[in-house]
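Hi,

Here is the structure I promised to pass on. Have a look at it first, and my notes follow below.

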Amino acid sequence: MAAKSADAAKATASSAATKKATYGGSSKDTSVNFGTNKFNLTTAQKNELNRMAAKINKTGVSRVTLRGHADSRGGVDNMALSKNRAKATADYLKSKVKNPDVKFVITAASIKEPIASNKTVKGMSSNRRVDIILPKPRTRTTGGMGLGGGIGRGPFGSQSDKKFG
């Protein structure tokens with residue numbers, strides 16, 4: 001019976017770890033994971049952030065959101081830790097992004113948005129992270145007039161919105 005419970009717990013943790021975080025229609029582009037109660041960046045993290053900075057430079061985005069997270073382990077202020085992780089990540093990216101007009105938005109979720117179970121070492125490790133979120137690319141509509149594509153067209157492409165008279 002205990003073996004079945006352990007297998008069920010592993011399956012739950014595994015599926016939680018693979019779910020993709022979404023934020024206001026945008027999804028995270030990458031995450032940087034941290035050690036317990038740490039917010040300083042390692043060489044491996046900086047290498048990942050260098051790849052992200054190259055992507056930001058290439059795509060020309062004007063806004064980058066960094067959302068800090070923590071595991072549920074006690075003994076520290078997890079909200080402050082989450083914010084410090086996001087700030088450290090943002091500061092490093094700012095030093096690598098060429099466009100000075102890119103806005104870096106720092107948010108913190110603390111323990112409120114786990115992607116894995118905090119009951120396992122692996123799960124806690126997954127939850128100690130900063131998600132880096134880039135806006136979704138905008139798609140152009142035909143006609144350049146927003147929804148519907150032009151004069152005389154409603155938001156669904158019909159001509160039902162024409163003015164009469």
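For the chain, the mean pLDDT is 77, and 65% of the residues reach 70 or more.

Two bits of housekeeping. This is a predicted model, so local features need pLDDT of at least 70 and side-chain atom pairs count only at pLDDT 80 or more, while totals for chains, interfaces and linings use all residues. Residues are numbered from 1 along each chain as its sequence is written, and side-chain values use heavy atoms, with hydrogens and water left out.

Overall layout

The chain has four helices and five strands, in the order α-β-β-α-β-α-β-α-β from the N terminus. These are DSSP runs numbered from the N terminus: helices are H or I with at least four residues, strands are E with at least two. Among contacts with a separation of 6 or more, 73% join residues 24 or more positions apart. Of the 165 residues, 33% count as buried (under 20% relative accessible area; exposed is over 50%, partly exposed in between, with a 1.4 Å probe and protein chains only). The chain exposes about 10500 Å², with 55% of that supplied by carbon and sulfur atoms; the areas come from the Shrake-Rupley method with a 1.4 Å probe, and for residues only the protein chains shown count as cover.

The core

The largest nonpolar core has 20 residues. By nonpolar core I mean a set of buried Ala, Val, Leu, Ile, Met, Phe, Trp, Tyr and Cys residues joined through side-chain atoms within 4.5 Å. Leu49, Ile56, Val64, Leu66, Leu93, Phe104 and Ile132 have the most contacts inside it. At least two core residues come from each of helix H2 (43–59), strand E3 (63–69), helix H3 (78–96) and strand E5 (129–133). In soluble globular proteins, nonpolar side chains tend to be buried together. Leaving out residues up to four places away in sequence, Leu49 touches Val32, Leu41, Thr89, Tyr92, Leu93 and Ile132.

Thr65 sits in strand E3 and is buried, at 17% relative accessible area. With the neighbours up to four places away left out, Thr65 touches Val105, Thr107, Asp131, Ile132 and Ile133.

The cavity and the loop beside it

A search of the whole structure turns up one cavity of 30 Å³ or more, and the largest cavity holds about 30 Å³ of space. On a 1 Å grid over the protein atoms alone, a cavity is a set of points where a 1.4 Å probe fits but cannot get out, and lining residues have an atom within 4 Å of a point. Grid points are joined across faces, edges and corners, and the volume is the space filled by probe spheres set on the points. The lining consists of Thr36, Asn37, Ala70, Asp71, Arg73, Asn78, Leu81, Arg85 and Arg128.

Thr36 lies in the loop between E2 and H2 and is partly exposed at 29% relative accessibility. Beyond four places in sequence, Thr36 touches Arg73, Arg85 and Arg128. Its C-alpha is 7.8 Å from that of Ser125, 89 residues apart along the chain. Asn37 is in the loop between strand E2 (26–33) and H2, is partly exposed at 38% relative accessibility, and has a positive phi of about 55 degrees although it is not a glycine.

Other spots to look at

Ser110, in strand E4, also is not a glycine but has a positive phi of about 60 degrees; Ser110 is buried, at 8% relative accessible area. Pro100, in the loop between H3 and strand E4 (103–110), counts as exposed at 73% relative accessibility.

Cheers

Methods:
Contact means heavy atoms within 4.5 Å. pLDDT is the predictor's confidence in each residue, from 0 to 100. On a 1 Å grid over the protein atoms alone, a cavity is a set of points where a 1.4 Å probe fits but cannot get out, and a pocket is an open set with protein on both sides within 12 Å along at least five of seven lines; lining residues have an atom within 4 Å of a point.
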